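The sequence and the structure come next.

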Amino acid sequence: MLELGLSLVFAYLIGSINFSLALGQFRNLDVREVGSGNAGATNALRAAGLPFAAAVLAGDIGKALLAVGPLALLAHALAPEPAFSLAWIQAGAAAAVTAAHCYPLWHEFRGGKGFATLLGACLVLHWPLAAAMLGVWALILVLTGYVAAATMLSAISAPLVLAFAMAAAGPELLWLACAAAAFILWTHRSNIRELLNGTERRFDRVRVIHWLKKEG
C-alpha cells in the first residue's frame with residue numbers, strides 16, 4: 001500500500017502546479033479572471049496568445065509525464081514489498097495528477113479541466129491510445145471548431161478504443177479510461193450546457209469549412 005500512497009501524493013502535489021496560473025504570475029495575469037475563466041491552455045491562448053499557451057500546454061503535459069513516469073517508479077522502488085503492480089501504481093498516478101490539475105492545492109482548488117494532463121499520462125501508459133485520442137480530438141476540432149466537444153469526444157473514445165481496438169491493454173488502463181471519460185465530462189459540464197444553448201465559443205479558423213470557403 002505504501003507505494004500506491006506515495007505515488008498518489010507525489011502525483012497530486014506536482015499536478016497541483018497549474019502552469020497557466022504559475023506562468024501567469026510573471027505577467028500579472030490570472031487566466032481565471034478572463035475569457036471562460038478556465039485555467040487551461042485554451043483559455044491561456046485566448047488570454048495571452050500562442051507562445052504563452054504553448055508553454056502552458058507543455059507544462060501541463062510534462063507534469064503528467066513526470067508523475068506517471070519517474071515519480072511512480074520511485075514510489076514503487078521505495079516500497080519494500082509492493083502490494084500493487086507498477087501498472088496499477090501508474091494508473092493511480094495518472095488519475096491523481098489529472099484531478100490535481102483541476103483541483104490544485106496551490107491555487108485554491110480552481111484549475112483547468114484536465115484533458116492535456118490526462119493526455120500526457122496516456123503518453124506514458126500507452127502511447128498508441130494517446131495517439132488515437134489526439135487523432136479523435138483533432139478530427140472533431142477541424143469539423144466543428146469546438147474545443148470542448150473535441151475534448152469530451154476524445155475522452156469518451158478512449159475506453160471504446162481500448163475495448164475494441166487495443167484489447168491487449170491491461171485492465172488498469174481500461175478502468176482509468178472509463179473513470180477519466182466520466183471525469184472529463186464532469187469538468188466540462190458548463191461547456192455541455194453552452195453547446196446545448198448554442199453559446200459555446202468556436203474557433204472558426206481551424207474548421208475545414210472555413211478553409212474551403214477561403215479557397216473558394
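Ile156 sits in helix H8. The model is a predicted one. Is Ile156 buried, partly exposed or exposed? Its relative accessibility is 32%, so Ile156 counts as partly exposed.

Beyond residues up to four places away in sequence, Ile156 touches Ala181 and Leu185. Its C-alpha is 9.9 Å from the C-alpha of Val136. The two residues, Ile156 and Val136, are 20 apart in sequence.

## The nonpolar cores

In soluble globular proteins, nonpolar side chains tend to be buried together. Here the largest nonpolar core has 30 residues. Which of them have the most contacts inside this core? They are Ala11, Val97, Leu118, Cys122, Leu129, Met133 and Leu162. Seen by element, at least two core residues come from each of helix H1 (2-15), helix H4 (50-78), helix H5 (86-102), helix H6 (115-125), helix H7 (127-144), helix H8 (147-165) and helix H9 (171-187).

Back in the largest core, Leu129 is one of the residues with the most contacts. Leaving out residues up to four places away in sequence, Leu129 touches Cys122, Ala158, Val161, Leu162, Met166 and Leu173.

## The cavity

How many cavities of 30 Å³ or more are there? The count is one. The largest cavity holds about 50 Å³ of space. Its lining consists of Leu118, Cys122, Leu129, Met133, Ala155, Ala158, Leu173, Leu176, Ala177, Ala180 and Ala181. H6, H7, H8 and H9 each give two or more residues to this lining.

H9 supplies the largest share of the cavity lining, with five residues. By class, the lining has 11 nonpolar residues, no polar ones and no charged ones.

The largest pocket takes up about 1200 Å³. It is lined by 47 residues. Which of these are closest to the pocket centre? They are Asn38, Ala41, Thr42, Asn43 and Val147. Two or more lining residues come from each of helix H3 (41-48), H4, H5, H6, H7, H8 and helix H10 (189-197).

H4 gives the largest share of the pocket lining, six residues. The lining of the largest cavity, by contrast, has no polar and no charged residues.

Asp60 belongs to helix H4. Is this charged residue buried or exposed? Asp60 counts as buried because its relative accessibility is 2%, under the 20% cut-off. A polar atom of the Asp60 side chain lies 3.5 Å from the backbone nitrogen of Phe19. Asp60 also touches Ile17, Asn18, Phe19, His101, Ala116 and Thr117, with residues up to four places away in sequence left out.

Ala55 is in helix H4 too. Its relative accessible area is 36%, so Ala55 is partly exposed. Ala55 and Ser20 are 35 residues apart in sequence, with 8.3 Å between their C-alpha atoms. Leu74 is another residue of helix H4. At 38% relative accessibility, Leu74 counts as partly exposed. From Leu74 to Ala158 the C-alpha distance is 27 Å, and the sequence separation is 84 residues.

Glu108 lies in the loop between H5 and H6. Its phi is positive, about 55°, although Glu108 is not a glycine. Glu108 counts as exposed because its relative accessibility is 54%, over the 50% cut-off.

Phe109 is in the loop between H5 and H6 as well. Where does its phi lie? Phi of Phe109 is near 60°, a positive value in a residue other than glycine. Phe109 has a relative accessible area of 46%, so it is partly exposed.

Methods
Residues are numbered from 1 along each chain as its sequence is written. This is a predicted model: local features need pLDDT of at least 70, side-chain atom pairs count only at pLDDT 80 or more; totals for chains, interfaces and linings use all residues. Side-chain values use heavy atoms; hydrogens and water are left out. A nonpolar core is a set of buried Ala, Val, Leu, Ile, Met, Phe, Trp, Tyr and Cys residues joined through side-chain atoms within 4.5 Å. Buried means under 20% relative accessible area, exposed over 50%, partly exposed in between (1.4 Å probe, protein chains only). Helices (H or I, at least four residues) and strands (E, at least two) are DSSP runs, numbered from the N terminus. Contact means heavy atoms within 4.5 Å. On a 1 Å grid over the protein atoms alone, a cavity is a set of points where a 1.4 Å probe fits but cannot get out, and a pocket is an open set with protein on both sides within 12 Å along at least five of seven lines; lining residues have an atom within 4 Å of a point. Grid points are joined across faces, edges and corners, and a volume is the space filled by probe spheres set on the points. Ala, Val, Leu, Ile, Met, Phe, Trp, Tyr, Cys and Pro count as nonpolar, Asp, Glu, Lys and Arg as charged, and the others, Gly among them, as polar. A polar contact is a pair of N or O atoms within 3.5 Å; within protein, one must be able to donate a hydrogen and the other to accept it, and residues adjacent in sequence count only if both atoms are side-chain atoms.
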